[in-house]
Amino acid sequence: MSRPQAPSAPAATPRAAARAAPLVAALIATLVATTAAALTACTAPVPRPAAGFTLRYERPAAPDRASHRFLRDRRTAEHALAELDALLSLPYEVAVVARSCAGEGSGYDPRTRRIELCYDDLPEERDPFVRTGHPDPDGALADVVGETVHHEAGHALLDALGLPAGGDRAEEDSADDFARLMLLRAGPRGEAALLTAARAHELTAAEDGAPDPADEHAPPAARAEAHRCAVLAAAPDRHPDLATPSRAPCTAAWTHTRTTWTQAMTPLLRR
Ligand SMILES: [Zn+2]
């Protein structure tokens, strides 16, 4: 006995099928994309806000193009920030922004937690080395930029640690100490960079005459001497030429400074 056949659906005409085909393909594509997105959403880590030091370069003003190129090519800031991030875990992002500052000067702003690294600082930092016949003014400039990045990072750390500044000058001195600490951690390469930065301060002192009373930093000659004192204390065997009777207290002073900073930043140390 044959079974009654169910009525079949009317066959689609070839033209209707042709019209439906793109629609079906689009529906399938949408379904596949939606499923893939849902799977990705389930498995991808939830993005967290950036923390630590980040770096970006703004487009330079026309006169600063060479300085912008110098910073990008030398990667001095990148190297300094990599050392900082390897050592420290900041609870939030501190953005380092390389930019044209129109003479404002590099600095850290606690309101925005931002370090500005100014292209337009570079020529005036390089020129004294050129004028005094330094064999490698670009290398010297890179050392000075590295010192600046570490100094400003010192301000950012004082802020992150909530350390009482104790006055503008005290905060500047602490930021300088932090820069010394970071550079001296790098061994001979950092010692050389710190001595180049000392030379830069010395040249500034010689060219500018009396220190600017409005400047919150230590006078340039004092900064130069403090750099050399720290280098001598950190590596006396490599720098016997720095040993003078007036620097006899350097070892004890630097040991105290290094211990103080290291203890202060313990909450942020990665290890
Ligand atoms: Zn400062």
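The protein holds an open sheet of four strands, in the order 1-2-4-3, with mixed pairing. Strands here are DSSP runs of E with at least two residues, helices are runs of H or I with at least four, and both are numbered from the N terminus. Two strands pair if DSSP finds at least two bridges between them. Strands of a sheet pair through backbone hydrogen bonds, either parallel or antiparallel.

Strand 1 (52-57) and strand 3 stand at the edges. Each has a single partner strand, so one side of each is left without a neighbour in the sheet. On average, neighbouring strands of this sheet are turned by 20° against each other, direction ignored. Axes are lines fitted to C-alpha atoms, for helices over the stretch in contact, and angles run from 0 to 180 degrees between N-to-C directions.

This is a predicted model: local features need pLDDT of at least 70, side-chain atom pairs count only at pLDDT 80 or more, and totals for chains, interfaces and linings use all residues. Residues are numbered from 1 along each chain as its sequence is written.

Strand 1 and strand 2 run parallel, joined by six bridges. Phe53 stands opposite Val94 in strand 2. Helix 3 (residues 76-87) packs on the sheet and touches strand 1, strand 2 and strand 4. The direction of helix 3 makes about 165° with that of strand 1. Contact means that the C-beta atoms of two residues, placed from the backbone, lie within 7 Å.

Now the whole chain. The protein has nine helices and four strands. Along the sequence, the pattern reads α-β-α-α-β-β-β-α-α-α-α-α-α. Take the contacts between residues at least 6 apart in sequence: 60% of them join residues at least 24 apart.

Of the 271 residues, 31% count as buried. A residue is buried if 20 or more other C-beta atoms lie within 10 Å of its own, exposed if 12 or fewer, and partly exposed in between, with C-beta atoms placed from the backbone.

Two loop residues deserve a look. Ala102 lies in the loop between strand 2 (93-99) and strand 3 (107-109). Arg113 lies in the loop between strand 3 and strand 4 (114-118). Ala102 has a positive phi although it is not a glycine. Arg113, also a residue other than glycine, has a positive phi too.

| Residue | Phi | C-beta neighbours within 10 Å | Exposure |
|---|---|---|---|
| Ala102 | about 55° | 11 C-beta neighbours | exposed |
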